Amino acid sequence: MSRHWHLEYSGNHAVLTLDVEGQSANVLSQDVLNEFDKHLEELESKMLAGAIIRSGKTSGFIAGADVREFVTITDPARATEFAQLGQQVCARLEGLPFPSVAVIHGFCLGGGLELALACTYRIARDDPGTRLGLPEVRLGIHPGFAGTVRLPPLVGDLSALDMMLTGRTLSAREARRLGLVDEIVPERHLLHAAETFLKSGTPRRKAPWYRRLPAWKPLRQGVVKLMSPRVRRKAHPDHYPAPWRILDLWRDRATEDREAESLGELLVSRTSRNLVHVFLLGEALKRQGKAQAHDIEHVHVVGAGVMGADIAIWAAHKGFRVSLQDRAPEILARAVKKAHGFFKSKLKDPRVVQEAMDRFMPDLEGHGLRRADLVIEAIVEKVGPKQELFRMIEQKVRPQALLATNTSGIPLEEIGEALQDPSRLVGLHFFNPVAKMQLVEIVRGARTSEAALGRARAFTGAIERLPLDVKSSPGFLVNRILMPYLLEAVKLVEEGVSLITIDQAATEFGMPMGPVELADTVGLDICLSVAEELSGPLHIDVPAKLRELVGQDHLGRKSGRGFYRYDARGRRQTPAPEKIAVDVPVTERLVLRLLNEAMACLREGVVTDADAVDAGMVYGTGFAPFLGGPMSYIESLGVTGISHSLHRLLQEYGPRFNPDSGWSRPELLKRGLRPSGQA
Amino acid sequence: MNKVYIVDGARTPFLKARAEPGPFSASDLAVACARPVLARQPFPASALDEVIVGCVTPAADEANIARIIALRLGCGKRVPAHTVQRNCASGLQAVATAAERIALGRAQLVLAGGTEAMSRAPIQWNTAMAGWLGKLLRARGPLDRIQALARFRPSLLKPVYSLLLGLTDPLVKLSMGQTAEILAHRFNITRETQDVYALNSHRRLAAAFDAGGMNAEVETLYDVNERFYTEDTGLRRDTDLEQLAKLRPVFDRQYGLVTSGNSSQVTDGAGMLLLASEAAVKRHGLSVLGEWVDHEWAGVDPSQMGLGPVHAVAQLLARQKMKMRDLQQLELNEAFAAQVLACQAAWDSAQYARAELGLDTPPGAMDPERLNPEGGAIANGHPVGASGARLVLHLLHALKRRGGGQGIATLCIGGGQGGAMLLRTEGNK
C-alpha cells in the first residue's frame, strides 16, 4: 500500500519519508495525501515520543500541490474538497498526541510548506539550495491547506502577508530569521537536531507579540488600506483576484473552511487557468533545456554593450567561466563594475561573490576564444562587422565550439556566409534585461545543424532561461509581434492621443508597461532600427514621429527624453494633461495589430504552434499572463469576432489592419508544447 | 636533467601604494594576471601539476596564498600549491623551484610567479597589547576584570607597521635604504649619478610603453569601481633632474643620498609564468617564450645586501663558463640606484674580484645600454614578492624582441643574499 510514504521506527520515533513514485520531485496529489492520512491514523494510536517527516528526494522536501492535477478540476466544489482534504490531513498531523518535526531540504513550497507548518517544529538544512515559500499567488490562487491560518501566528502578520502576496521564496537563513523554521543546521546534523527538538518539549514557536500587532482588530482595516496601493501596483484586482482574496481572508481572520471555499473559486477561474497554462508552458520549455548535454564550460562573449555585458554577467552568475571581449578598456571597466554590483546584490556572501568575479574575465585581447566552448556575439547590429567578427572567430576557436549571435533581426543565413561551417551558428536572442526576461529565442538558420540547436537549448536551460525555437526570419517571433503594436502606439501619438491614454489602455489590458514607455525604455534608436529592418519584409510603415525624435537625439529613457521626459535618475515625469480625443479605439487598435501579427507568425511557421507564441510573448515581453498569452486570448475571444473587428478597422484605418490569411485556417491554432487534453 | 621551458606569462601593471590600502589583495593580483595566461592555453587549468607563488607578506586571511590562487583560478582541488618566501626574490624562488621540479622530471606543467600587495601590509597590535588582551580575556569575576582593565597603558595602542619591519633587516637593524647608503659611500656614488640613473629608468620605461613594447607582458587590470590600469602607476613621465634633486633623503634624513626618487617604489603587483617540460610542450603543441638554463643563490653581508647580485651572477657565469659579454641583456632589480651602480662598480673592480669573489680578473660591468633597457623598479616599482617573476618575464620578452640570446635576471635580497637566473631564447622570426 505504501507507494509514496515509507514509515520506519527509530527508537521511539516514527520516521515518515515521502518519496513520490515516478516523480523526480515530491508533489502532493490526492493520492499522496490519502496515503499520508492513513499513516497518520496508524501513528495516532501508538505510544511514540515523536514523528519525523522528511523527503527521500535529493531535489527537496515537497514542491507543492500537483499543478497537473489542477487542470483536471473544473468544478469549484471539487477544488474546495481537495483543499479540505489537505486541511484535514494537516489537522491530523498537528493533532498527533506527540510532537512532530519536518526536516526540510531543497524546495519546500506551497502545500509542502503548509504541511510543514502543521508540524510542531521545522528544521531546515543550511545551504543555498533550501528554498521555502508560498508561491500559490503566482498561479492565481492562495494557500489552501490552512496556510493562511497557520502562517501569521508563526512569523507575524506582515511577514506572512508579504510571503503570501509576493509568493517569493526564502533562503534557510531568512526563514530562520523570520521564525518560519526553528533551526537551521548543516546536513550532517539534520536528524540529530530533529531528535533533540522532539525530546526537548519546547512549545511550538510563536511570533512575538509586537509582530502580531497588525492583527489587532482596530488596526486590521488600516493595515489593509496601507497595503492596497502596493498590491495594486503589482496586481490589478480585475486581472489578479488572488492577492486581494488573501488580504480579505486575513482581514476577516477567516477560518479554514472559508480558505478552502475561496480557493475552490479561484482554482477554476480564468486567471488561474491561464496562469497555470503559462506555468506549464514554462515547465515544458525548461524540459527542452534539459533534453541533452551542452558540454560547455567556458563562454566567450564579444561586445560588452548592455546586452553583451548582461549575458556575460548572467552566465557567470549561473556558474559558467566567462570571458567578455570588447575593444576599449573603458567599456570593459563598466562591465566589471556592473558585474560586481550584480553579484553583490544577488549572492551577498563575499566568498561567493569573489568566485563569480573570478569566473568573469574582462578580455581586451580575446584570449578567451582559445578555449571557449561557446562564443556569443553581441556587437553592433550590422551585417558587415558581424561577418568580419565571425570570420576572425572561426579561425581562433576550437572546431567543436558552438557559435551564437544575439542579433535581434539579421537573418542567420547572412551572418553565416562569413563562416566556412555555417552549421555551427545559431541565434541566441536574449531579451533586455537579461536578469528579468526568462525567454531566449533559439534561432534556427537554414543551415544550422540539429546538434548546434540542441546544445544552444541545453546551454539556455543551464543558465535557467527558457529556450524557444524560432525560425530565422525578420524580427524572429517576439520583436516581430511587438513591433506593429509599438508602431500603432506611435501612430496614435501622431493622431494626437495623449501618451498617458495610450499607455493606460495597454496596462489596463494587462501589459506590464505601456507601449510608449516601453519604446522609450528600449531606446527609440533601437526601435527605429528594428522597425526599419522589418519594414521591408513585413510591409510596415515606419511612423515619421519616430524618425523625428531619433533625429533630434531624443532616444528615450537613456537620453533623458523620448516621448516622455525623464529625470536624471531615469524616472518618468508625468506629462501635463492634454486634451484627449478618446473616440479612438485605442486598446483595440493596439491589441489587434499584435494579434494579427501573431497569427502571421504562426502561418509562416516562425514557430511550430500556438503554445510557442504564448510562451514567447509572456516570457519574452510580459504579455498579460492572466490572459495566458495572445493565442489563449484569441481562443477565448473566438476567431470570428477578431476577423470582424479587423475588417472594421481595415475600413477605417487602412491596410495595416488587413486580416492575415491565417485567420481562416483553424488548424494553425493547434497546441504543441503541452500535453493536450486540458480543460 | 630535463629541459625546462617558459611557455607564457603575464604581469599586472604595478600600482604605487598611496596612503590607504590599494584596491586589490595579493591573490586578486595574481588571479588577474594568471587568468588570461591560462585562458589562452590549449589545456585546462586542471592539467597543471603544481602552482608555486612567492609572496613576502600575504594578508592574515591568505595563508598559503598559492593554494588560494590555484583554487580561484579554477585549477580544481587536485592541483597542489605552495608558497615560497625569500624576501625580494620570492618570485624568482617560485620560478626556480618550478624549474627544478620540471628538470627533475617531477612535474610537467607548473604555474609559478609572485605577488605582493604592499599597500595592504597589515598594521598590528604590539606584543604588550596582545598580553594585556590575553589577561583581560582570562580574567574571571568583576574584580579580576577591573584589575586587568586597570593595567591598560596608552603605549599599548602603538601600532606595528609590518611593512616598515619587513623593510628593515631584523639582525643588523638597518633599513634597506640605509644599506644602499652604505654602498653609495663605499663605492663613492654621488647623489647626482643616482638621480641621473633614476631619471633614465623612468625614460626607458616610458619609451617602452609608448612603443607598445610592454603590451605582450602587461595585462590590463580592472577594479570594481570602473577604474582600469594599463600602465605602471609609479611611472613619472614628467620628472626631471631638477625635481629629483629637490627630494630630501628618506633613510639617513640629515646627510644621506638615497631619496624616494632614486629608490624603487612601494607597489602592489603580480607576475605569473607558465613553465613546461619538453614533453608537455610537445604534447600540447605549445609555443615557447624561452628556456630556463640555470640559477644561483649567494650570501653577502646583510648590511650590504645590495651586493648580492655581484656574487650570484659571478658564480652563475663561472659555472656556465660564460663571460658577462656573452649576455645579451641583464635585468638587475633596481632596489636603489646606488645599489645598481654599486653592483656595476664591484663587477668592474679588480680589488673586489680578488678580495670578495676570489677571482683573478673581474667579470666586468654590464654594458649600461643592455642593463635594464626598459627601466626597472625605480620607475615601475618593486612589489617585493612579484619582482623576480617580472624580471624573468620581461627579460624573455625583451630578448626575443631583440633577436634572441642569453640573459640573466638578478636581484639583491634583504637579509644579505643575491639570486640570479640564466635564461635563453630564440629571436622572433
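Me: What makes a residue of chain B count as buried, and what percentage of the 429 residues does so?
Reply: In this predicted model, buried residues make up 54% of the 429 residues in chain B. A residue is placed in that class if 20 or more other C-beta atoms lie within 10 Å of its own. By that criterion, 52% of the 679 residues of chain A count as buried.

Me: Why is chain B called as compact as a globular protein of that length?
Reply: Chain B has 15 helices and 14 strands. Its radius of gyration is 22 Å, and the globule rule gives 22 Å for 429 residues, so the description as compact as a globular protein of that length applies. The C-alpha trace of chain B spans about 80 × 55 × 45 Å along its principal axes.

Me: How do you know that the description also holds for chain A, and what does the globule rule give for 679 residues?
Reply: Chain A contains 27 helices and 18 strands. The rule gives 26 Å for 679 residues, and the radius of gyration of chain A, 27 Å, is close to that value, so chain A is as compact as a globular protein of that length. Its C-alpha trace spans about 80 × 60 × 50 Å along the principal axes.

Me: Why are α22(A) and α23(A) called oblique to each other?
Reply: The axes of helix α22 (residues 524-538) and helix α23 (residues 544-551) of chain A cross at roughly 135 degrees and come within 9 Å. Angles over 145 count as roughly antiparallel and 65 to 115 as roughly perpendicular, with the rest, apart from those under 35, as oblique; the two helices are therefore oblique. The crossing of α22(A) past α23(A) is left-handed.

Me: Which residues of α22(A) and α23(A) meet, and how do they divide by class?
Reply: Leu524(A), Asp525(A), Cys527(A), Leu528(A) and Ala531(A) in α22(A) meet Leu546(A), Arg547(A), Leu549(A) and Val550(A) in α23(A). By class, this contact has seven nonpolar, no polar and two charged residues.

Me: What makes residues of chain A and chain B count as in contact, and how many are there?
Reply: Two residues are in contact if their C-beta atoms lie within 7 Å. On that basis, 18 residues of chain A are in contact with 16 residues of chain B. α14(A) gives the most to the side of chain A that touches chain B, with seven residues. The residues on that side divide into seven nonpolar, four polar and seven charged.

Conventions. Residues are numbered from 1 along each chain as its sequence is written. Chains are lettered from A and ligands numbered from 1 in the order in which they are written. This is a predicted model: local features need pLDDT of at least 70, side-chain atom pairs count only at pLDDT 80 or more; totals for chains, interfaces and linings use all residues. Helices (H or I, at least four residues) and strands (E, at least two) are DSSP runs, numbered from the N terminus. The radius of gyration is taken over C-alpha atoms; the globule rule is 2.2 Å times the number of residues to the power 0.38. A residue is buried if 20 or more other C-beta atoms lie within 10 Å of its own, exposed if 12 or fewer, and partly exposed in between; C-beta atoms are placed from the backbone. Axes are lines fitted to C-alpha atoms, for helices over the stretch in contact, and angles run from 0 to 180 degrees between N-to-C directions. A crossing is left-handed if the near helix is turned anticlockwise from the far one by less than a right angle, and right-handed if clockwise. Ala, Val, Leu, Ile, Met, Phe, Trp, Tyr, Cys and Pro count as nonpolar, Asp, Glu, Lys and Arg as charged, and the others, Gly among them, as polar.
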